[in-house]
Amino acid sequence: LMRLHFTSGDRAAALRSYEACRLMLDKELGVPPDPETSALAERIRIASRPSRGASRPGSPPPAATPLDKPLVGRADEFTKLVELYHAASQGRTQVAVLQGEAGIGKTRLATEFLGWAVAQGAEVLRGRAYETAARLPYQPLVDALRPRLEQEAAPTALLSSVWLTELSRLLPELRDRSPDLPVPGGDEAAARTRLFEAIVRLGRALSVRAPLVLFIDDVQWADVASLDVLDYAGRRWREDEAAVLLLFSLRSEALATTPTLDEWLSGLRRDIPVVRIDLGPLSFEDTVQLLQALGPESPLAPEGEEFARWIFTETRGQPFYIVETLRTLLERGALAAPQDA
């Protein structure tokens, strides 16, 4: 409960939960909270809330807007991701796939979960595949790995020069930082194998420091080379009992139009448990909760059940449409915002 309050941005509620726990234990059992709980409370006291989607400390939080509100209607799915993270942290490599139609909230759920994972001290790498870049080999992995290695003071602390040389095929700037690295060579097939192994060893080195979460958004647009290395790395990490959670999001409609994607998932499932988390529209009750979460003084606060029913009917509970409908109402002046909003 402390973690969930903190991740949603309510530090005071998180610390109140700790105090309630402490008082109850003292009253009923005469014992203090266990060290893990006390340590968590201390981290919450001194830490700032992780910015959404940020994997590096010090990233500025995004500007708040009237529509920047807590996630609703995804408690079961969020809980499942937390369970998978804890299983991965025990050395049981996990794979989770968030799937649903475009705009259903896959990226939003993943972003909230990644913020939670950062608060737990996890190592978070985040990449994204783009439809227009589907032919660029390894592009999602480059996006995930480059920022992390840029912040590493000495990459040789993670990988030996042999494997940094292989990784420089993807990240040539490594050679600028370490001019003494040998020039990668070999035929194409051998070079591919060594590159895959370098990525595996990098992930394993990171997971030794802290549980690793590797998130690839819109994996349906990933190139074949990226899918191959993810399959290889997942199997190797599973064999090595690495503390890794692989998290993917994909549009469910892509499974019908891209047979190779379903084949890739099936192949991955043969070696690693793959948990598919299907996201559907919000219920009417979830829609009401979303509107109520905007606060009684917000211009978007529901004017009784009728307004919520209208929003739900217009959008059919699709989160993207709900937010965009409300945003349009604000922009058109149909809902007047207070001066201090």
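Is Arg-201, at 30% relative accessibility, buried or partly exposed? Arg-201 counts as partly exposed, and the legends below, which all describe a predicted model, return to this residue in the second view.

**View 1. The largest nonpolar core of the predicted model has 53 residues.** The residues with the most contacts inside this core are Tyr-138, Leu-167, Leu-214, Phe-248 and Trp-264. Helix α9, which spans residues 188-209, gives the most to this core, with eight residues. A second, separate core has 23 residues, and among them are Ala-88, Leu-98, Phe-113 and Leu-279. As background for this view, nonpolar side chains in soluble globular proteins tend to be buried together.

**View 2. In helix α9, the side chains of Glu-197 and Arg-201 meet in a salt bridge.** The distance from N to O in this pair is 3.1 Å. Because Glu-197 and Arg-201 are four residues apart in helix α9, they are separated by about one helical turn. Glu-197, at 9% relative accessibility, counts as buried, whereas Arg-201, at 30%, counts as partly exposed. Both residues also belong to a network of salt bridges that links Glu-197, Arg-201, Arg-204, Arg-236, Glu-239 and Asp-240. The structure as a whole holds 20 salt bridges.

**View 3. In helix α5, which spans residues 106-119, Arg-108 and Glu-112 lie four residues apart.** Their side chains meet in a salt bridge, with a distance of 3.2 Å from N to O. Because of the four-residue spacing in the helix, the two residues are separated by about one helical turn. Arg-108 is partly exposed, with a relative accessible area of 29%, while Glu-112, at 7% relative accessibility, counts as buried.

**View 4. In helix α10, which spans residues 224-240, Asp-231 and Arg-235 are found four residues apart.** That spacing is about one turn of the helix, and the side chains of Asp-231 and Arg-235 meet in a salt bridge of 3.3 Å, taken from N to O. The relative accessible area of Asp-231 is 16%, so this residue is buried, since buried means under 20%. Arg-235, with a relative accessible area of 25%, is partly exposed.

**View 5. Strand β4, which spans residues 244-251, is mostly covered, with seven of its eight residues buried.** Strand β1 (residues 94-100) runs parallel to β4, and seven bridges join the two strands. Within this pairing, Leu-98 has Ser-249 in β4 as its bridge partner. Strand β3 (residues 212-217) also pairs with β4 in the parallel sense, over five bridges, and here Leu-214 stands opposite Leu-246 in β4. To pass from β3 to β4, the chain crosses through α10, and this β-α-β crossover is right-handed.

**View 6. Val-95 is a residue of strand β1.** With a relative accessible area of 0%, Val-95 is buried. Not counting residues up to four places away in sequence, Val-95 touches Leu-245, Leu-246, Phe-248, Leu-268, Ile-272, Pro-273, Val-274 and Val-275. Val-95 and Leu-84 are eleven residues apart along the chain, and their C-alpha atoms are separated by 8.1 Å.

**View 7. Helix α14, which spans residues 305-315, has the buried residues Phe-307, Ala-308, Ile-311 and Thr-315.** These residues lie on the same side of α14, because they cover an arc of only 100 degrees around the axis. The buried residues of α14 pack against α13 (284-293) and α15 (319-331). On the face turned away from the buried side, α14 carries the exposed residues Glu-305, Glu-306 and Thr-313. Just after α14, Arg-316 takes a positive phi of about 55 degrees.

Terms used: Residues numbered from 1 in each chain as written. Predicted model: local features only at pLDDT ≥ 70, side-chain atom pairs only at ≥ 80, totals over all residues. Heavy atoms only, no water. Core = buried A, V, L, I, M, F, W, Y, C linked by side-chain atoms within 4.5 Å. Buried < 20%, exposed > 50% of the residue type's maximum accessible area, 1.4 Å probe, protein only. Salt bridge = Lys/Arg side-chain N within 4 Å of Asp/Glu carboxyl O. Pairing = 2+ DSSP bridges. Right-handed = clockwise from strand over helix to strand, strands pointing away. Arc of directions from axis to C-beta. Contact = heavy atoms within 4.5 Å.
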